Amino acid sequence: MCRAVLPVVPRSVKIEEAPEVSEVATEVAPTSTASVSESFVPKESSQIHNPSPLQLEVRWGRTRRIVDISKEGCTIGSTDSSDVVVPAPFLEPIHGKVEWVGNNWQIRPATKGAIVLARGVAVRSVELSAGDVIRLADQVGNFATLTVSKDKSHGQRTSALRGELPLAGRSVVIGSAAECDIRVAHPLVRPRHAILRRDDDGKLWLDDRTTVAGTYVNGKRLKGRVLVHSGDVIQVGPSSARIGSTSLEPLEQVRGVDVTVINACVEAEAKGKGRRRLLNDVNLHLPPASLTAVAGPSGAGKTTLMRLLSGQAAASAGVVEYNGVDLSVCREAHAALMGFVPQDDVVHQDLTVGEALTYQSRLRLGKEFSKEARDSSIVRALEFVGLEGQRDQIVKTLSGGQRKRVSISTELLNEPEILFLDEPTSGLDPGLDKRMMLLLRLLADQGRTVILTTHAISYVDVCDNLILVGPGGFVIYAGDPTEAPAWFGVPALSDVFSLVEDTASSSAAAQRWLANTSSPGKDQSGNRSIDARKSPVRVTADSSQLASGASGIARPKFGSPAWRETVFHQGAIFSERYVKILTRDRTALAFSLLQGIAVALLTALVAPKPIIWSQNGSAPMFVLGCASVWFGMINSVRELVKERTIWRREELAGANVAAYLASKLSVLGALALFQSLSAIVALDLALGLPPSSPVASPLIALVVSSWLANLCGMSLGLAVSALATSSDRAMSIVPYLLITQLVLCGVLFPLGVVTPFSWLIPARWGVSAMGGIAGLSASALHQSAGLYPSTFVGMVGTWLVLALLSAVGVAGTGRILHRQASNWSV
């Protein structure tokens, strides 16, 4: 029999009917108890102790009650047949049973149809500890919440980074492999991640094994080998420890990230108007393992606030802290443990779900992880988002909600501790937004701090915190979402912004909220004491180093062995994926492969026969030279812009610009070679080739000339694609570029004073090389003087110019991508 803090009915503890019900449907709730997790089933104990006191907070809708559990335990359900009654229509009459088993309190489903969720997954039975959050749910996903009374250790766990320090002349290996001296099991930790060595003089050295996620000493990324001392704090993956006299002393770690914002402002340059303030005097505390929604009208500053919280935008005043440490100091250490889900899908539409996640796991987890380990991460992520049955399905055939869950599963591969989502419910069909919100609720229940922006506020009651941002970047509310309507004196949350429609009313609402929360023991989110009026406004010394949009991911130095290894490794993955995407659309690929043959046959059809190349070869060589450049441009002009959203997220996760660009060059270069070779061979079969060439055989010389011209067009197309804002905009520029090639190539018109400008035109050099092979004479044809080379030196010089133009285009494209990446944010 249970005893309640509030008055109870004789038979049971009853929670009054709630005026608002949190009904959130989900596709991730298991359909039977057979599919629940086995990981939380407790082990039998040989010793039985008397039950310890247990107190539960029961929440449903806006109603909260405290229940003291007696030593006999209790049942929880929706009718008087249960000891604790929660009159939620979706619960079973007897839904769950709390009992003392061995040495611990446990909760389990009482009937076959009941679902008990712990740490984001359904369980058969789970031990209860201080601070645990349990959801009693139905098959659809509606739920009530049980919270075990907290103590100071709530949300904390002991670091796995523990072990004895090495003796003189010995070393200790830290990594995820079973044979390591100190094992830290996490996707970001490599099998042999770091080595602690003590030399013969007794000095202790820490050496990072060139890992992607890195090793950190006192919050700074380790570069090579450094001397460490007693008291230094080292971090490997999510685990931290202090170096003691004889051993590593593991530090207590919170589940998720504890985020605090004190008097933070964000400013940006406005064209012609000086600096404009985007956020004003933000004071927040977001507890670890919590779900926070940021809502507000368009342009109010929701995305700016999320960028501030993630460290992608530096505070012009004030400070953001992670676990009590200034984010400008520790962001590099946290960057690999952050996840970002942008509003747009960040997976290729033509891949299957399994293929998309496989490529992402190879990019993010690195080559040190075995295929079995990567597959395990993929299975775990897909099972959590409920898409294990869609692993072999093409992404573009999925629904909007399923595609969004694929994007989320991508971020779960490296098990982030804090997750940011931009409008995750945007564009979803009715009902799917409710399912998405519960999925995010379960993500937070697993021990992650989850922060999202949203326009849809109908289902934010599943969140722990709601932050409302009004016009002008003012935080007008930050607290329990169920209490917001009462604070503003409106019947529904959707009515709030009808009261706050301009900057003046937004500022007044922010001051009213700040005055309420500045009292002792409260802050803007009602969780931790922060007196914003008394807290000093501080700008940290390193805040200027947090460039807008900087990912925080540490990268190997350009040209270093680690950089070259990264380029080769990631370049191979990007190239393999690119080939897979191209071959998925076989019709489009066939058209690309047959372009050269089609142009060659059409040219042979209308050319005079028999052809005397030195007299009649101008037109065919003009067509082939210009067509080669056109092929290169058409092949590449959409290839960067069409996947910019995906590349942006990959770059922020640590992908290398050189590797990405190299994959485009290698695949498109191979396609260009096939087009050139097939075109010249088809021309040879249909019309014949010139009898001689200044360099090599006519066949080889023409293929090389066509291929180099194609590469020039490709580099120009990639540059346009990097600059364009959309695929349509990129394609609209192509006709202008093609006309320029025709006019300035020197064949149709004598160029005269504009000859120097033609030196920058790829078609001018492509036509020149091919005309030289045909033995054409510019003077005899009344064309631009010196157009056609007739010697070995002249031909090689023409090829070098084509190669130089290609290199300049590629370098320019790389520079554009690099500059874009330095300003990107999610």
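In what order do the six strands of the open sheet run? The order is 15-25-24-23-20-21, and the pairing is antiparallel. This is a predicted model.

**The open sheet**

- Strand 15 (163-164) and strand 21 (220-221) form the edges, and each of them pairs on one side only.
- Strand 23 covers residues 233-236, and strand 24 covers residues 239-243. Four bridges join these antiparallel strands.
- Val-233 has Arg-242 in strand 24 as its bridge partner.
- Val-236 stands opposite Ser-239, which belongs to strand 24.
- Strands 23 and 24 make a hairpin with two residues between them. Gly-237 sits in the turn and has a positive phi of about 60 degrees.
- Strand 23 also pairs with strand 20 (residues 215-217). Three bridges join the two, and they run antiparallel.
- Val-217 has Ile-234 in strand 23 as its bridge partner.
- In general, the strands of a sheet pair through backbone hydrogen bonds, either parallel or antiparallel.

- Arg-403 and Asp-345 meet through their side chains in a salt bridge, at 2.9 Å from N to O. Arg-403 lies in helix 5 (residues 400-412), while Asp-345 lies in the loop between strand 32 (338-341) and helix 3 (353-365), so the pair ties together parts that are 58 residues apart in sequence.
- Asp-345 is partly exposed, with a relative accessible area of 23%.
- Arg-362 and Glu-576 also meet in a side-chain salt bridge, at 3.1 Å from N to O. Arg-362 belongs to helix 3 and Glu-576 to helix 10 (residues 561-584), so this pair ties together parts that are 214 residues apart in sequence.
- Glu-576 counts as partly exposed because its relative accessibility is 40%, between the cut-offs of 20% and 50%.

**Another pair and a network**

- The side chains of Lys-642 and Glu-639 form a salt bridge, at 3.3 Å from N to O.
- Is Glu-639 buried or exposed? Glu-639 is buried, because its relative accessible area is 7% and the cut-off for buried is under 20%.
- A network of salt bridges links four residues: Arg-135, Arg-441, Asp-445 and Asp-464.

Methods: Residues are numbered from 1 along each chain as its sequence is written. This is a predicted model: local features need pLDDT of at least 70, side-chain atom pairs count only at pLDDT 80 or more; totals for chains, interfaces and linings use all residues. Side-chain values use heavy atoms; hydrogens and water are left out. Buried means under 20% relative accessible area, exposed over 50%, partly exposed in between (1.4 Å probe, protein chains only). Two strands pair if DSSP finds at least two bridges between them.
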